[in-house]
Amino acid sequence: MERKWWKEAVVYQIYPRSFKDSNGDGVGDLRGIIEKLDYLKELGVDVIWLSPVYKSPNDDNGYDISDYRDIMDEFGTMGDFDELLEGMHKRGLKLVMDLVVNHSSDEHQWFVESKKSKDNPYRDYYIWRKGKDGNPPNNWGSFFSGSVWQYDEATDEYFLHLFSKKQPDLNWENEKVRNEVYNMMKYWFDKGIDGFRMDVINLISKVPGLPDGEKGEQDLYGNGFPLFANGPRVHEFLQEMNREVLSKYDIMTVGEAPGVDPDTAKLYVNEDRDELNMLFQFELMDIDSGNGKWDLRPWKLTTFKNIMFKWYEALKDKGWNSLFLNNHDQPRMVSRFGNDKEYRLQSAKMLATFLHTWQGTPYVYQGEEIGMTNVQFDISEYKDIEIINMFKEKTAQGVEKEELMKSIYAKGRDNVRTPMQWNATENAGFTEGEPWLKVNPNYTDINVEQALEDRNSIFYYYQKLIKLRKENPIIVYGDINLLYKDDENIFSYIRRFEDERLLVILNFFEKEVQFKLPADVQFKEAELLIANYEVDTNNIDNFLLKPYEARVYLLH
Ligand code: NOJ
């Protein structure tokens with residue numbers, strides 16, 4: 001297996017809108033991030049991924065970009081950006097930007113032109129089609145509710161938008177579009193950035209003809225997903241991008257790829273194919289969904305283990321996994337997979353132990369390192385377009401409000417977008433103004449200042465895990481053997497690298513359970529590397545695991 005800096009790194013994701021406001025307008029900004037670089041350095045992470053900071057009318061909080069080469073007014077200026085990048089590099093931190101090129105904003109100059117007339121030179125930068133007998137060109141439904149087609153009177157045609165109607169899809173079939181994107185990427189690489197996280201990059205190639213998707217009787221829209229995900233030319237496009245841009249720089253790439261299975265993933269990240277370094281897979285994030293994300297289902301640890309092991313096996317020789325348990329779209333990990341009440345501390349540390357000792361590059365989402373939790377707001381207090389549109393659409397269909405609120409509490413994206421909790425002062429020290437989204441009321445107990453004062457905090461546990469990764473190549477490169485793969489409570493595995501072995505034991509639930517080391521695991525001495533409880537015995541052959549207990553040993 002090839003050694004690479006991005007395999008050894010820990011990435012920290014910043015959602016700039018909610019990280020730190022420096023000028024009192026209630027919105028986080030670049031100077032706010034600059035203020036906190038020493039904090040991130042203290043945590044020990046190596047790479048910072050910034051959710052989009054480009055010019056945007058913020059229909060989808062920056063994932064709708066109106067100028068790819070400029071900074072959003074609310075976030076600051078290009079001067080601030082340059083200072084941020086310099087401040088990061090001075091501290092040995094790398095910067096990964098978000099690349100959102102499946103779509104732009106409808107306020108991007110390209111779209112403004114494209115809309116003007118059918119013969120405008122920018123017309124084919126987007127996907128325009130005629131309607132069918134007064135209906136949209138096909139039956140696909142958008143991720144943010146409604147049809148993917150928006151009618152435009154001026155030219156009597158519809159344009160395609162997989163997300164909101166202010167996010168028209170770019171036409172990747174058009175070579176000019178691809179070259180614009182590649183040049184823009186070079187512009188940022190030449191500034192010195194260290195990589196890109198690529199937004200829904202597996203959706204850029206659509207099946208020609210854009211045929212209808214399958215539609216059940218109950219469904220409002222057809223399922224276009226199989227017709228626009230992992231489309232016919234996606235690998236050709238990514239190989240071209242790699243040839244034209246990526247291969248020229250020492251950078252990292254991670255592609256967001258909903259609906260990709262491990263075999264398909266190999267096509268994107270196999271080292272010999274020259275496409276991407278890593279993907280964000282969603283099989284694990286879908287573990288508690290039925291028919292779509294809002295349809296809540298209980299999850300089982302055996303399924304969790306199977307998914308993780310399958311992905312490990314598929315990519316271990318020629319690819320690489322990314323590891324994440326939450327991000328700006330997914331609920332707080334401690335609320336979803338742990339216990340955000342009585343065992344918040346223990347379960348957050350246990351989940352972190354998994355994240356940092358499995359094979360792959362760990363991604364930590366802001367606030368995770370202090371155990372921030374989900375929120376339950378009044379419907380009027382949510383800001384996320386996905387929540388708002390879904391609530392409107394389902395209410396109109398007659399779904400009970402109570403049921404919808406349950407889904408929003410469990411899965412809504414604003415769970416993770418509440419302002420970062422820096423201290424116990426008003427608005428959690430995030431802003432001196434009115435925060436754009438309400439602060440989680442638990443900020444008086446859960447905040448950075450408190451975490452830094454407590455040696456037993458989740459923060460210091462993350463710091464230690466990150467340090468262990470640097471000191472023990474086995475944590476990065478070791479292969480994995482699952483123990484007790486059918487056990488519904490315990491997640492345990494042995495990593496091997498050269499002549500070393502690392503044993504990880506995790507109790508995933510509150511119930512106390514007995515752990516018995518399989519008799520064929522022989523060793524002279526077990527050296528404890530990290531644990532989330534005081535460990536007072538070196539008996540690891542047979543012992544009772546406490547609620548959410550986690551232990552990691554080197555076996556000698
Ligand atoms: C995925 C991003 O992570 C999400 O936040 C965004 O809404 C959609 N892509 C559209 O860009």
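Good morning. I begin with strand 5 and strand 9 (residues 195–198), which pair in the parallel sense over four bridges. Before I go further, please keep in mind that this is a predicted model. Within this pairing, Asp98 stands opposite Arg197 in strand 9.

Strand 5 has another partner. Strand 2, which covers residues 47–50, runs parallel to strand 5 and is joined to it by four bridges. How many of the six residues of strand 5 are buried? Five of them are, so that strand 5, residues 94–99, is mostly covered. For those new to the subject, the strands of a sheet pair through backbone hydrogen bonds, and they may do so in a parallel or an antiparallel manner.

Three strands form an open sheet, and their order is 6-8-7. Strand 6 (128–129) and strand 7 (149–152) stand at the edges; each has a single partner strand, so one side of each is left without a neighbour in the sheet. Strand 6 is joined to strand 8 (residues 157–160) by two bridges, and these two strands run antiparallel. Here Arg129 stands opposite Tyr158 in strand 8.

In the loop between strand 6 and strand 7 we find Ser145. Is Ser145 buried or exposed? Its relative accessibility is 19%, and residues under 20% count as buried, so Ser145 is placed in the buried class. Its backbone also deserves a remark. Most residues other than glycine have a negative phi. Ser145, however, has a positive phi, near 75°.

A second residue of this kind is Asn427, which is not a glycine and yet has a positive phi of about 60°. Asn427 sits in the loop between helix 14 (401–411) and helix 15 (448–453). With a relative accessible area of 16%, Asn427 is buried.

I now move to another antiparallel pairing, that of strand 17 (residues 490–497) with strand 18, which extends over eight bridges. The bridge partner of Ile490 in strand 18 is Asn507. The two strands form a hairpin with two residues between them, and in this hairpin Glu498 takes a positive phi near 50°. Strand 18 also pairs with strand 22 (residues 550–555), in the antiparallel sense and over six bridges. In that pairing Leu503 stands opposite Tyr553 of strand 22. Strand 18, residues 500–507, is mostly covered, with seven of its eight residues buried.

Next, a single residue and its surroundings. Where is Asn532 found? Asn532 belongs to the loop between strand 20 (526–531) and strand 21 (542–545). Asn532 is buried, and its relative accessible area is 9%. Its side chain reaches the backbone oxygen of Tyr548 at 2.7 Å. Setting aside residues up to four places away in sequence, Asn532 touches several others, including Gln346, Lys349, Met350 and Tyr461.

For contrast, consider Gly290, in strand 12 (residues 289–290). At 32% relative accessible area, Gly290 is partly exposed. Neighbours within four places in sequence left aside, Gly290 is in contact with Asp295 and Arg297. The C-alpha atoms of Gly290 and Phe111 are separated by 36 Å, and the two residues are 179 residues apart along the chain.

I close with the ligand. Which residues are closest to the ligand? Of the 14 residues that surround it, the closest are Asp60, His103, Asp199, His328 and Asp329. By class, this shell consists of four nonpolar, three polar and seven charged residues. Three contacts may be followed on the screen. In Asp329, an N or O atom of the side chain is 2.4 Å from an oxygen atom of the ligand. In His103, a polar side-chain atom lies 2.9 Å from a ligand oxygen. In Glu256, a polar side-chain atom lies 3.5 Å from an oxygen atom of the ligand. Taken alone, the ligand exposes 290 Å², and the protein buries 97% of that area.

Thank you for your attention.

Methods:
Residues numbered from 1 in each chain as written. Predicted model: local features only at pLDDT ≥ 70, side-chain atom pairs only at ≥ 80, totals over all residues. Heavy atoms only, no water. Near = heavy atom within 4 Å. Polar contact = N/O pair within 3.5 Å; in protein donor to acceptor, adjacent residues only side chain to side chain. Areas by Shrake-Rupley, 256 points an atom, 1.4 Å probe, with all protein chains shown as cover. Nonpolar A, V, L, I, M, F, W, Y, C, P; charged D, E, K, R; others polar. Buried < 20%, exposed > 50% of the residue type's maximum accessible area, 1.4 Å probe, protein only. Contact = heavy atoms within 4.5 Å. Pairing = 2+ DSSP bridges.
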